[in-house]
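Q: I would like to learn how to read local features in a model. Please take them one at a time.

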Amino acid sequence: MCGITGYIGYKEATPRLLAMLKKLEYRGYDSAGVATLCDGVLAVRKMKGPLSTLANALSTERMAGTLGVGHTRWATHGEPSDVNAHPHTDVSGRIAVVHNGIIENYAALKGFLQERGVAFRSDTDTEVVAHLLNYYYTRESGGGHNALLDATLKTVSKLEGSYSLGIVASDYPDRIIGARKDSPLIVGLGVGENYLASDVPALLSYTRDVCYLNERELAVLYRDRVALYNDSGERIVRQPTRVDWDVESAEKGGYAHFMLKEIHEQDKALSNTLGSRLRHSAGEAASIDFDEIRLDASWAAAKRVVIIACGTAYHAGVVGKYAFEHFARLAVEVDIASEYRYRNPLIDGGDIFIAISQSGETADTLAAMRQAKKGGGRILAITNTVGSTLSREADLVLYTRAGPEIAVASTKAFTTQLMCVYLLALRLGELRGTLSADDGKDTLRALANIPQQVRRILDKETALQKAAARRFSKRSVFFIGRLFDYATALESALKLKEISYTHSEAFAAGELKHGAIALVDKATLVVAIATQRPLFDKIISNIREVASRGAEVLVVTYEGERAFDAVANEIVAIPETRDALSPLLAIVPLQLFAYYCAVQKGNDPDKPRNLAKSVTVE
Ligand code: M6R
């Protein structure tokens, strides 16, 4: 996730900007940069790689100045590189911008600016902000004390998506401007100096008095004061807040663990995944447009989809199997990558291979992908990591845009992988004519609702905490479900076992009586995931089977659903959605359940024993 820092005062800015960026390193990044202003000259230095590379370079080439902005970038548009790193400057080289978030309408804005002769240097969405600032500053603002603020107000009014911005301009050596929407930005207050940061840890060595910017607010930082504005340019008065977090809890945004923080980031992450890919008409989600990939007729004409992945990503692939069959009427095989690489699989040039990997570096997934490629298959990667090996070697790449995932147990990476899989299945369904216009629109509307429905589930966290407190000591937990619910069961069981070390397994509910039911007794908890409405009677029979053998049963189903009242010991309700989309919601309470079981057992959910975040060796 990108990080922003800013300093204006009476000391050298560069060492402070770098030190503040260092405090944001834990968030993950691929490049870093700073811009400072000295004697009316704007200097920018930015490099791919760790902050230490930039710091080493700057130890010999001094960047003077007592104000500036800094950035660590985590690529979303354009590969990690020197040129794509922030800060970005306008055509005149007099305005520099750092940005966190995603500008969803950057392509349209870029077109607007290119028609006016602007030449772009990078592949980023951010560069449009620098050029737009210049456009409004030179053409419409006409100079003056507030011209940079006016230009910023006009610029942000044109931006769709999410942003926090830090802006410096050589015409204004007395100020830094900050602005935010859907991405955090904080002003740190000092004496004769002030700070800007995207996250509290960057500020704690300098000040504990902060002003949090609210949605669509702007801040102008001078050396001796800070002025806040709303998006109409009206002044706002806000009392500073005193931060009493220690550094470690500040890194986790106040959450006890990264895993919990990442579970809570899912609504935002899913909005980012949808972003510009979901086009609206008359205020409603109406179509899918992947700006980064073109699925031409040859992809739509594929006879078969083969999905290869490991662990959680494999479970996203199982959802994919059901989704591609359901929406695009495509035959799908989903393979564990470590198996695929040693099979003697049939590879057809007409097949679509979808490799799913958060890191894009999992050894088995890469090996399976290379094998499919060698056999003539076309590879579409779904990954969270721009510039990863998978993204470089695949033919097409769809990024999940979840932001860095630090906890070993995957949460937001999974739900955003699901979102990508659904978008692909729906788009292929449209192209193949297997999805009626009405069905397509209804499903897109339901998809657009998912982020706020996830938020509603997260707001009921305490109920899951209590459910876990009552059951964390169970000897075995079995997750059962049918169709899409079976895929959710697989991921739920993995989540619980990897962090709580409780024996947990997933079964297709209909398989119970073919063997697994022999394990069920009074010490067993069965979690029945029940969102496939036409199969409610079937899952109720399965619940009766396990309950009559003494198992306690927790049912995950839709709010207001009464079908399970008589058979469940407890019901966990999720908002209603289309049955085919339910994994996007049903997994969320079960992530929380797994998390709280682990905490109850005294485990550190962020560092489960024997596991690594990225399995880059076999
Ligand atoms: O980076 P990848 O998505 O390729 O990683 C695959 C698995 O190693 C990963 O999903 C693993 O199963 C997670 N720790 C599960 O939470």
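A: Start with a loop. Arg 216 sits in the loop between strand S11 (209–212) and strand S12 (218–221). Helices (H or I, at least four residues) and strands (E, at least two) are DSSP runs, numbered from the N terminus. The model is predicted: local features need pLDDT of at least 70 and side-chain atom pairs 80 or more, while totals for chains, interfaces and linings use all residues. Residues are numbered from 1 along each chain as its sequence is written, and side-chain values use heavy atoms, without hydrogens or water.

Q: What is the phi of Arg 216?

A: Phi of Arg 216 is near 60 degrees, a positive value in a residue other than glycine. Arg 216 has a relative accessible area of 39%, so it is partly exposed. The scale runs on relative accessible area: buried is under 20%, exposed over 50%, partly exposed in between (1.4 Å probe, protein chains only).

Q: Ala 282 also draws my eye. Is Ala 282 buried or exposed?

A: Ala 282 is exposed, at 80% relative accessibility. Its phi is positive too, about 50 degrees, although Ala 282 is not a glycine. Look for Ala 282 in the loop between strand S16 (278–281) and strand S17 (284–288).

Q: Which residues does a cis peptide bond join?

A: His 86 and Pro 87, with omega about 5 degrees. Pro 87 belongs to the loop between strand S4 (67–73) and strand S5 (88–89).

Q: Now helices. Which residues of helix H16 are buried?

A: H16 spans residues 461–471, and Glu 461, Leu 464, Ala 467, Ala 468 and Arg 471 are buried in it. Seen down the axis, these buried residues of H16 fall within an arc of 120 degrees, so they line one face of the helix. The arc is taken over the directions from the helix axis to the C-beta atoms. Lys 466 and Arg 470 are exposed on the other side of H16.

Q: Which residues of helix H3 are buried?

A: In H3 (residues 106–115), Tyr 106, Leu 109, Lys 110 and Leu 113 are buried. Seen down the axis of H3, the buried residues fall within an arc of 100 degrees, so they line one face of the helix. Ala 108 and Glu 115 are exposed on the other side of H3.

Q: How do I read aromatic pairs?

A: A pair of aromatic rings is described by the distance of the centres and the angle of the planes. Rings of Phe, Tyr and Trp (its six-membered ring) pair if their centres lie within 6.5 Å; planes under 30 degrees apart are stacked, over 60 edge-to-face, the rest tilted. That rule gives ten aromatic pairs here. One of them is Tyr 322 with Phe 484, tilted, at 5.5 Å centre to centre and 50 degrees between the planes. Tyr 322 lies in helix H10 (residues 311–328) and Phe 484 in helix H17 (residues 484–500), so the pair ties together parts that are 162 residues apart in sequence. Tyr 322 and Phe 484 are both buried.

Phe 478 and Phe 507 have ring centres 5.2 Å apart and planes at 80 degrees, so the pair is edge-to-face. Phe 478 lies in strand S23 (residues 476–481) and Phe 507 in strand S24 (residues 503–508), so parts 29 residues apart in sequence are tied together. Phe 478 and Phe 507 are buried. Elsewhere, Tyr 7, Tyr 195 and Tyr 206 form one aromatic cluster.

Q: How do I find empty space?

A: Rolling a probe the size of a water molecule over the atoms shows where empty space is left. On a 1 Å grid over the protein atoms alone, a 1.4 Å probe fits in a cavity but cannot get out; a pocket is an open set of points with protein on both sides within 12 Å along at least five of seven lines; lining residues have an atom within 4 Å of a point. Points join across faces, edges and corners, and a volume is the space filled by probe spheres set on them. The whole structure has three cavities of 30 Å³ or more. The largest cavity holds about 70 Å³. Its lining includes Cys 2, Trp 74, His 86 and Asp 125.

Q: What about the second largest pocket?

A: The second largest pocket holds about 650 Å³. Of its 27 lining residues, the closest to the centre are Cys 310, Gly 311, Thr 312, Leu 494 and Val 615. H10, strand S20 (352–357), helix H12 (363–374) and H17 each supply at least two residues of that lining. H10 gives the most, with five residues.
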